[in-house]
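Hello,

Here is the structure I promised to pass on. Please open it first, then read my notes below.

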Amino acid sequence: MPFLICSLLVSFCWAQPKIDPATIKDKMQWFADAKLGIFIHAGIYSVNGIDESWSFHNKKIAYDDYMKQLNGFTLKNYNPSQWADLIKESGARYAVITTKHHDGVAMYDTKMNNLSVVKATPAKKDMVKPFFDELRKRDIKCGAYYSLIDWSHKDYPGFLNDSARYEVKNDYDRWNRFRSFFQGQIKEIGTQFKPDLWWFDGDWEHSAEEWEAEKVRSIILANNPNAIINGRLQGYGDYATPEQNFPVSRPHLNWWELCMTTNDNWGYHHDNNWKTPYEVISIFVDAVSNGGNLLLDMGPMEDGTIPAEQVNVLQELGAWNQRNGEAIFNTLGGIPQGHFYGPTTLSKDSSTLYLFLHGKTTGPVMLKGLDCTIKNITVLGNGTTLTHKVVGKISWSPVPGLVYINVPEGAQDKYITVLKLSLDKAIKLYRGQGGLN
Ligand code: GLC
C-alpha cells in the first residue's frame, strides 16, 4: 500500500469501536487525568537518520542496506535514568517506547527470533526493561508501542510497497505461523514488562479476524486487566489516536490522544524543522481543552543521546507546566467554543474555569454566556489578581452579560498565560441566541 494512503488511513481511521466505554471507564481514569505522554521512537533507523521502516518499504534504500544499520546501533550513551528525569521534568505522566517497529527489530531480548538489538547489534542490550524501571521509580506510567506489521518476518505477507510475499487467503498455514510469532512477542512483552498501556500500530494491513484482535486484547487483559490499549487494534482498543492531525471541532470521544512529532519525523532524522516550545505548548493546550491528551515524540540517536532541541522543548514545556499545570492535569476539557475565543479547561467540579491566552494578550478579554458569578480571577504562575466588569446585563432577561477581564501588561506568561476564574458554583452556560429565543 503506498505510503500516502497508509498515512491517511492511520490518521483518520478509528475502526468502529467494539468496546463499550462504560466497561472501561475506571481503568481509563489515570489516562484521562494524565494529559501528557512522551513517545519514544528508538530504532536502528537512527543510525543513518532515515525514515523508520518506511524508508526501505518505500524503496528509498534497499532492504539489505537498511538492515546494515544494525551494525551501527550502539546505545553507548544510553542513560534510561536521564531519560526518565527529562520526562518527569516535562510534566508527562506516561511514556510510550517502541518495542518493535514495522522493520521487525525488537528493542528487547525476544526469544521468538534473533532480530533484536540484543542479539543483532553492538548495543547488545534490552532497552525496554531499564527504561520502564526508571519510569516506575518516578511514578510515570509505562507504555509499549508494538507494530503488528513485521516487514522483516519471512512469514509476514507484506514487504515492499509494491511487493508482497503472499496473500493470507492463499496460505493460512503460513499466516498462522506469523500469528503465533507476533502473539508470542505480545506475551513476552506482557509478562516481562507489564505495560500499563499498549500502543499498537499497523493494524491497517489486516482485518480484526486476521489479526485475531479480540484474542490479542484478551491475552493482554489476562496478564493485566487494567492495561489500556490504543485504538489501532481494529476496533478492540480503548481510545483514539489521531496522528499529526489537530481536531478543529471537539471530537465526540471519551478518550483520545494526539500523537505528534517535535520536528517532522518520529525517529532521529536530519530534519531541522523543530516546533518551537510556544508551538508545542499551544498545541498541547488545544488538545487538552478539546478533551484529549498529547503524546509528544522524541527520536533518540543511535547512541542513546536525545537531540538538544528536543531536550529544550521538553524542559520549556515542563517549566510552563510548573507554572500552569493546575489548569491542565486532572482537569476536564473546557467549555464549548463560542464563549471564549481561546482554549479553556475546567476543574473536576466545574467551579473553576481556566482561560488560556495566546501570545502576549493584554487588555480586556471577553467571555460570553457565563451564567454564574465570578468570585475572583488570578493569573496562574504569578498570582496577580485581575479585575473584571459585567457589561450589558438586562435585569429581566435570561441572557447573561458579557464579562470583560482586564489583563495588564507584565502579568503574562512567557508562552501562554492562564487565567483562573473561581466561580460561585459549578459552571452554568447560556447557549441561546440572545433575544431570538
Ligand atoms: C505511523 C507510522 C509509524 C509511526 C507511527 C506513530 O503509523 O507507520 O512510522 O511509528 O505512526 O504514530
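**Aromatic rings**

Start with Phe31, which is buried at a relative accessible area of 1%. Buried here means under 20% relative accessible area, so Phe31 falls in that class. Keep in mind that this is a predicted model.

How many aromatic pairs does a search of the whole structure find? It finds 30. One of them joins Trp30 and Phe31. Their ring centres are 6.0 Å apart and their planes meet at 80°, so this pair is edge-to-face. The cut-off for that label is over 60 degrees.

Next, look at Phe132 and Phe193. Their ring centres lie 6.2 Å apart, with the planes at 80°, so this pair is edge-to-face too. It links distant parts of the chain. Phe132 is in helix H9 (residues 128-137), and Phe193 is in helix H10 (residues 172-193). The two are 61 residues apart. Both Phe132 and Phe193 are buried.

Why give two numbers for each pair? Because a pair of aromatic rings is described by the distance of the centres and the angle of the planes.

There is also an aromatic cluster. Its members are Trp54, Phe56, Tyr63, Tyr66, Trp151, Phe159 and Trp204. Tyr63 is found in helix H6 (residues 63-67). At 22% relative accessibility, Tyr63 counts as partly exposed. Along the chain, Tyr63 and Trp151 are 88 residues apart. Their C-alpha atoms are separated by 9.9 Å.

The charged end of Arg93 sits over the ring of Phe329. The distance to the ring centre is 4.2 Å.

**The ligand**

Now turn to the ligand.

Which side chains reach an oxygen atom of the ligand?

- Glu52: a polar side-chain atom lies 2.5 Å from an oxygen atom of the ligand.
- Trp54: an N or O atom in its side chain is 2.8 Å from an oxygen atom of the ligand.
- His101: a polar side-chain atom is 2.8 Å from an oxygen atom of the ligand.

How much of the ligand does the protein bury? Taken alone, the ligand exposes 310 Å². The protein buries 97% of that.

**His57**

His57 is found in helix H5 (residues 54-57). Is His57 buried or exposed? At 2% relative accessibility, His57 counts as buried. Its side chain reaches the backbone oxygen of Phe159 at 2.5 Å.

Most residues other than glycine have a negative phi. That is why the next two residues deserve a look.

Lys124 has phi near 50°, a positive value in a residue other than glycine. Lys124 is placed in the loop between helix H8 (117-120) and H9. At 61% relative accessibility, Lys124 counts as exposed.

Ser350 has phi near 60°, again positive in a residue other than glycine. Ser350 lies in the loop between strand E11 (344-346) and strand E12 (352-357). Where Lys124 is exposed, Ser350 is buried, with a relative accessible area of 16%.

Find Leu317 in helix H14 (residues 308-324). Leu317 is buried, with a relative accessible area of 0%. Cys372 is 55 residues from Leu317 along the chain. The C-alpha atoms of Leu317 and Cys372 are separated by 33 Å.

Then find Ala164 in strand E5 (residues 163-164). At 55% relative accessibility, Ala164 counts as exposed. Val128 is 36 residues from Ala164 along the chain. The C-alpha atoms of Ala164 and Val128 are separated by 31 Å.

Best wishes

Key: Residues numbered from 1 in each chain as written. Predicted model: local features only at pLDDT ≥ 70, side-chain atom pairs only at ≥ 80, totals over all residues. Heavy atoms only, no water. Polar contact = N/O pair within 3.5 Å; in protein donor to acceptor, adjacent residues only side chain to side chain. Areas by Shrake-Rupley, 256 points an atom, 1.4 Å probe, with all protein chains shown as cover. Phe/Tyr/Trp six-rings, centres within 6.5 Å; stacked < 30°, edge-to-face > 60°. Buried < 20%, exposed > 50% of the residue type's maximum accessible area, 1.4 Å probe, protein only. Helix = DSSP H or I, 4+ residues; strand = E, 2+ residues; numbered from the N terminus. Lys NZ or Arg CZ within 6 Å of the ring centre and 35° of its normal.
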